[in-house]
Amino acid sequence: IAPESRDHALEKMQQRMEGKTTGWYEVVVQPREGRTGTALVNSTEILYRGLPAVLLVMTEITAHKQLEASLRKSEERFRVLTEHSLDTIMLFDRELRHLYVNPVVKKGLGIPAAEFIGKTHSEMGFPAHLVRLWEGALQGVFASGNPDEIEFQLPNGIWADWLLAPVHGPDGSVDQVLASARVITKLKMTEETLRRANRQVNLLNEITRHDILNQITVIRGYLALAEKKQPGPERESYFSRLMSAAETIQDQIEFTRIYEDIGSREPQWQDVAAVLARQPVPACITLTTDLLPSEIFADPMLGKV
């Protein structure tokens, strides 16, 4: 017995000799090679050569103590990691009941982590369509032993990405599933903004292509007429109209610069009369605006519309 445990062991032996029960207790042992370990000790009264004696029973548990220390260290690391994680982390058993939920869940759902323990999603009262989605994903991981990932939207509008990982037991089967949910609401909003911007770009492409083809039709028509006319005032008017059509095409191509800003410019309040006044119209048409002061909260391409 190592010196640091010697007094404790002698005290226990004295108690036993006085007829008191000591039960099992731990002592530090130091084998001859010098490395210390831990032993579990118990004692009992016996007769040895006709005289009262105390029999010590010692079982070395060094490996067990080292395993306990390793598990405590591992559990502490897990606790620090999960309780300070920005993601919601949950652990499920094969009955799909919550074994562990980290505190951040309250921030997203408004429900304390303790209320989840021992309950399924259905028992927590979540919407049926979400329960079916979650339970289906969990059962799939238990059955296949493979990780899975799903996305879903909570009733409060928050989007989450759920990563499910199998936890294998001693026999190699999946006895638990660890789930980590990360908020991706901003990502989903960005995706929707990109889709909306893409629709706007496609619309601009169609409008601009249509407008340019119209002007090309005008140009070709006046060129055909000009070929048939002799030099003179009428023919000169055709060339003037050809130049006007070419300038219109140039303006339309210049307008495509707005493509660079699609999706990056926020809607803004625009004065309707001012927007109309900026629109190009043929010289033979007079545009007048008879509007009360009014503004429209619209995309910067309002003028094009």
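A surface patch here is made of residues with over 30% relative accessible area and no salt bridge, with like charges joined within 9 Å and nonpolar side chains (Val, Leu, Ile, Met, Phe, Trp, Tyr) within 5 Å. A salt bridge is a side-chain nitrogen of Lys or Arg within 4 Å of a carboxyl oxygen of Asp or Glu. Accessible areas come from the Shrake-Rupley method with a 1.4 Å probe, and for residues only the protein chains shown count as cover.

This is a predicted model: local features need pLDDT of at least 70, side-chain atom pairs count only at pLDDT 80 or more, and totals for chains, interfaces and linings use all residues. Residues are numbered from 1 along each chain as its sequence is written, and side-chain values use heavy atoms, with hydrogens and water left out.

**Stop 1: the surface patch**

Select Trp24, Ile46, Tyr48, Leu55 and Val57. Together they make a nonpolar surface patch of about 470 Å². Strand 2 (37-48) and strand 3 (51-60) are the elements that give two or more residues to the patch. Strands (E, at least two residues) and helices (H or I, at least four) are DSSP runs, numbered from the N terminus. Now pick Leu55, in strand 3. Leu55 is partly exposed, because its relative accessible area is 38%; buried means under 20%, exposed over 50%, and partly exposed in between (1.4 Å probe, protein chains only).

**Stop 2**

Move to the loop between strand 2 and strand 3, where Arg49 is found. Phi of Arg49 is near 55°, a positive value in a residue other than glycine. Most residues other than glycine have a negative phi. Arg49 is exposed, at 73% relative accessible area.

Compare Leu96, in the loop between strand 4 and strand 5. Leu96 also has a positive phi, of about 65°. Is Leu96 buried or exposed? Leu96 is buried, since its relative accessible area is 6%.

**Stop 3: the cores**

Select Phe116, Trp134, Phe152, Trp162 and Leu164. These have the most contacts inside the largest nonpolar core, which has 27 residues. A nonpolar core is a set of buried Ala, Val, Leu, Ile, Met, Phe, Trp, Tyr and Cys residues joined through side-chain atoms within 4.5 Å. Strand 4 (88-92), helix 4 (128-144), strand 6 (148-153), strand 7 (159-168) and strand 8 (174-183) each supply at least two residues of this core. Which element gives the most? Helix 4 does, with 7 residues.

Another core, of 6 residues, lies apart from it; Tyr25, Val29, Ala39 and Val41 are among them.

Back to Trp134. Leaving out residues up to four places away in sequence, Trp134 touches His121, Phe126, Ile150, Phe152, Leu154 and Trp162. Contact means heavy atoms within 4.5 Å.

**Stop 4: His98**

Select His98, in strand 5 (residues 98-101). His98 is buried, with a relative accessible area of 1%. A polar atom of the His98 side chain lies 2.6 Å from the backbone oxygen of Lys119. The His98 side chain also makes a polar contact with the side chain of His121 (3.4 Å). A polar contact is a pair of N or O atoms within 3.5 Å; within protein, one must be able to donate a hydrogen and the other to accept it, and residues adjacent in sequence count only if both atoms are side-chain atoms.

**Stop 5: Met124**

Finish at Met124, in the loop between helix 3 (105-109) and helix 4. Met124 is buried, at 17% relative accessible area. Beyond its neighbours within four places in sequence, Met124 is in contact with Ile111, Glu115, Phe116 and Lys119.
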